[in-house]
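Subject: Structure handover

Hi,

Here is the structure for you to look over. My notes on it follow below.

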Amino acid sequence: MSATWPRRPRLVAGNWKMHLTPADGAALAREFVALRAADPAAATSAVALCPPFTALSAVAEAVRGSGVFVGAQNMHAELKGAFTGEISGPMLASLGCRFVILGHSERRHVMGETDAMVAAKLRSALRDGLTPIVCVGELLAEREGNKTEEVLVRQIAAAYAGLDAATAKTTVIAYEPVWAIGTGKVASPEQARDAHRVVRATLDQVVGGGTGSDVAILYGGSVNAGNAATLFLEDDIDGALVGGAALEAAGFWKIAAAAAVAR
Ligand code: PGA
């Protein structure tokens, strides 16, 4: 991905969550880079590896010069200050991070992050030169209560209100139904497509300027080497945010390659 942001880039991001030491993370990154280098025709989708903070340096070193990007899983909105245990955007950028995942459901529902916190982090990531991957998605009870659209509209409106279209188009959104994360229960391509359309329509209302059709939206939640290609057939799905299946190089490479083939 060059300095000029392409319209709706194909992107596959691996969210390693709280897994792997620097040494183990670097080994996984090197294995992935080797697989990708051996198959240049399939290496046209952008890929980001998102290890824990402690492995960012080692993974950035392991992918240096390969074209594979590095991302963080969270950041604090402030530049610096008395925020024990937190990491700022400039700190991440200084380690070679290009991306940062924001508002992941585990942060919203386990760590108590609010829509307002995600909105503040989104603005800070843009300030700090990081490409935010903004996560949205409904809980199982919300889906079963026919509240999926309401939740997506609320989360997108809170995060994107006041952003101009040119800026909003340089962000990435990940639709991750919470009931599909780490459960093995992947959303059907139709469920994912419908949710992505809600997100696009909401962006058109909240931001305007063609944002809905131009922003990249990834699907996340139990994506693996076996189901990725089918999801990528959907026009509204621009890539994937992958958790468990990103911890194994060959499988994660299959997902990234499927994203490249699909467009
Ligand atoms: P999963 O996680 O692929 O293990 O379901 C996805 C995510 O949490 O981003």
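Predicted model: local features only at pLDDT ≥ 70, side-chain atom pairs only at ≥ 80, totals over all residues.

Ligand site

The side chain of His 104 places an N or O atom 2.6 Å from a ligand oxygen. For Gly 182, a backbone N or O atom is 2.6 Å from an oxygen of the ligand. Gly 243 also uses a backbone N or O atom, at 2.8 Å from a ligand oxygen. On its own the ligand has 280 Å² of accessible area, and the protein covers 95% of that.

Largest pocket

Its volume is about 390 Å³. The lining has 15 residues, and closest to the pocket centre are Met 18, Gln 73, Asn 74, Arg 107 and Met 111. Six lining residues are nonpolar, five polar and four charged.

Backbone angles

Which phi does Leu 20 have, positive or negative? Positive, at about 80 degrees, although Leu 20 is not a glycine. Leu 20 sits in the loop between strand E1 (11-15) and helix H1 (22-37). Its relative accessibility is 30%, so Leu 20 counts as partly exposed.

Ser 222 is not a glycine either, yet has a positive phi of about 60 degrees. The loop between strand E7 (216-220) and helix H11 (228-232) holds Ser 222. With a relative accessible area of 17%, under the 20% cut-off, Ser 222 is therefore buried.

Best wishes

How values were computed: Residues numbered from 1 in each chain as written. Heavy atoms only, no water. Polar contact = N/O pair within 3.5 Å; in protein donor to acceptor, adjacent residues only side chain to side chain. Areas by Shrake-Rupley, 256 points an atom, 1.4 Å probe, with all protein chains shown as cover. 1 Å grid on protein atoms, 1.4 Å probe; cavity = no way out; pocket = protein on both sides within 12 Å on 5 of 7 lines; lining within 4 Å. Points joined across faces, edges and corners; volume = space filled by probe spheres on them. Nonpolar A, V, L, I, M, F, W, Y, C, P; charged D, E, K, R; others polar. Helix = DSSP H or I, 4+ residues; strand = E, 2+ residues; numbered from the N terminus. Buried < 20%, exposed > 50% of the residue type's maximum accessible area, 1.4 Å probe, protein only.
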